[in-house]
Amino acid sequence: MLQLPKTCYIGLALSALAAPSSASEMFASDSPWMLGDWGGTRSELLEKGYDFTLGYTGEMGSNLHGGYDHDRTARYSDQFTFGSHLDLEKILGWNDTEFQLTITERHGDNISNDRINDPRVGGFTSAQEVWGRGETWRLTQMWIKQKYFDGALDVKFGRFGEGEDFNSFPCDFQNLAFCGSQVGNWVGGIWYNWPVSQWALRVRYNLSDALYAQVGVYEQNPSNLESGNGFKLSGSGTQGAVMPIELVWSPQVNGLKGEYRAGYYYSNAKAQDVLKDSNGQPAALSGAAYRSSSSKHGLWLGAQQQVTSLASDQSRGLSLFANATVHDKKTNAIDNYVQAGLVYKGPFDARAKDDIGFALARVHVNPAYRKNARLVNQAASIDDYDNPGFLPVQNTEYSAELYYGIHLADWLTVRPNLQYIRHPGGVSQVDGALIGGLKIQSSF
């Protein structure tokens, strides 16, 4: 586990803020990069179409009270991102064409895994969203995008995840229930969010300046999730395809930005029923294999809207958001999810780039999935929750998070946060958990 980012970033930022410096210098507070402009070379490369990035996200979580295991401790997980974006119109003369290559590396531990959630069933949300999909290096993006008909048609092909374009949502909160594409959190077996990539094609058509429709086809290949396959390019192991479609409206309401999304996904790969066997009987009692379905589907809605602003700085003000997903009850553990929250940017004149966020979420378990757990226990003649062989019955999990984002420099934001999870993993026998967190977002 790396210790440097946890112990040095804030000190470096504070020392940089102590004295004014040019935006081109290292550690300058008004530079987008910690390492500065490389003596002007970085800006020159940008003008020529070359953009190189190195990003870091680190997250600490500590169980302050409650949870499955009350023994207090803290865990740290993080991610490095190495990216290059090429403007191929500037570089090669290819009209309206871009190329993106991103490699990521994740490692660390998650407080949710054994302290907050009952490890016999795990959890739904995660107190440290940056943890997941293996402690490994991955080819996260490798795509080319080109626009046609004066930008009306936008085609993207290569390796990337669904949440990059569909059901997209910012990731400033630390709890997974408020971060990124939520469909991928509740049907993660088929919808692979960052940092996993797969072969994909996305086609977008701009119906107007504020409205576009898009459709995609994504390889559904569980082997891409394996830690040893972070750079796998072959299609071996492909089971089918996930096909999302979405309508996105981005209006200006009283001059303030908004974004509204409505979408549907369909998977043509076989999916396992959560309760019944091929004869329509509970598989937990019959002992037969769970039957398979020929497809899997669901839908989502999302909304973000800034509702207030300051006359002196329109970027400051209150924004509201809400997201909801609905999933196939035959084949998915989660049948629906809802969340809502707010973010206020620039709460104080002296801290115009800070932000405050608060959100609530509810994750609901499919009744058929709950029934299956009860029947598993019945078949094993176990009814005592404390018995190691008992399969906890999962119902509804509730999450809340409050954070304050401290904008120490344009290249560094630190977000201390408090999270509360009621019925972690949807297990009513697990005490509500209070979690202290710290999220670091930096660009070198």
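Guide: Let us start with Leu 408, which sits in strand β17 (residues 396-409). Helices (H or I, at least four residues) and strands (E, at least two) are DSSP runs, numbered from the N terminus. This is a predicted model, where local features need pLDDT of at least 70, side-chain atom pairs count only at pLDDT 80 or more, and totals for chains, interfaces and linings use all residues. Residues are numbered from 1 along each chain as its sequence is written, and side-chain values use heavy atoms, with hydrogens and water left out.

Visitor: Why is Leu 408 called buried?

Guide: Buried means under 20% relative accessible area, exposed over 50%, partly exposed in between (1.4 Å probe, protein chains only). Leu 408 has 10% relative accessibility, so it counts as buried. From C-alpha to C-alpha, Leu 408 and Asp 30 are 9.7 Å apart in space, yet 378 residues apart in sequence.

Visitor: What makes strand β2 largely enclosed?

Guide: Strand β2 covers residues 74-87, and ten of its 14 residues are buried, so the rest of the structure largely encloses it.

Visitor: How do you know that β1 and β2 pair?

Guide: Two strands pair if DSSP finds at least two bridges between them. Strand β1 (residues 50-67) and β2 have 13 bridges, in the antiparallel sense. Ser 62 faces Ala 74 in β2. With six residues between them, β1 and β2 form a hairpin.

Visitor: Which strand pairs with β2 over eleven bridges?

Guide: That is strand β3 (residues 97-108), again in the antiparallel sense. Asp 78 stands opposite His 107 in β3.

Visitor: What makes strand β11 mostly covered?

Guide: Five of the seven residues in β11 (residues 271-277) are buried. Strand β12 (residues 290-293) pairs with β11 over three antiparallel bridges. There, Gln 272 is opposite Ser 292.

Visitor: Why is Leu 92 called partly exposed?

Guide: Leu 92 has 49% relative accessibility, so it counts as partly exposed. Its place is in helix α3 (residues 88-92).

Visitor: What is noted about the phi of Asp 150?

Guide: Most residues other than glycine have a negative phi, and most peptide bonds are trans. Asp 150 is not a glycine, and its phi is positive, near 55°. Asp 150 lies in the loop between β4 (137-148) and β5 (153-160).

Visitor: Is Asp 150 buried or exposed?

Guide: At 84% relative accessibility, Asp 150 counts as exposed.

Visitor: Where is Ser 381 found?

Guide: Ser 381 is in the loop between α7 (367-379) and β17. Ser 381 has a positive phi of about 55°, though not a glycine. Its relative accessible area is 67%, so Ser 381 is exposed.

Visitor: Which peptide bond is cis?

Guide: The bond from Trp 194 to Pro 195 is cis, with omega near 10°. Pro 195 lies in the loop between α5 (183-186) and β6 (198-206).
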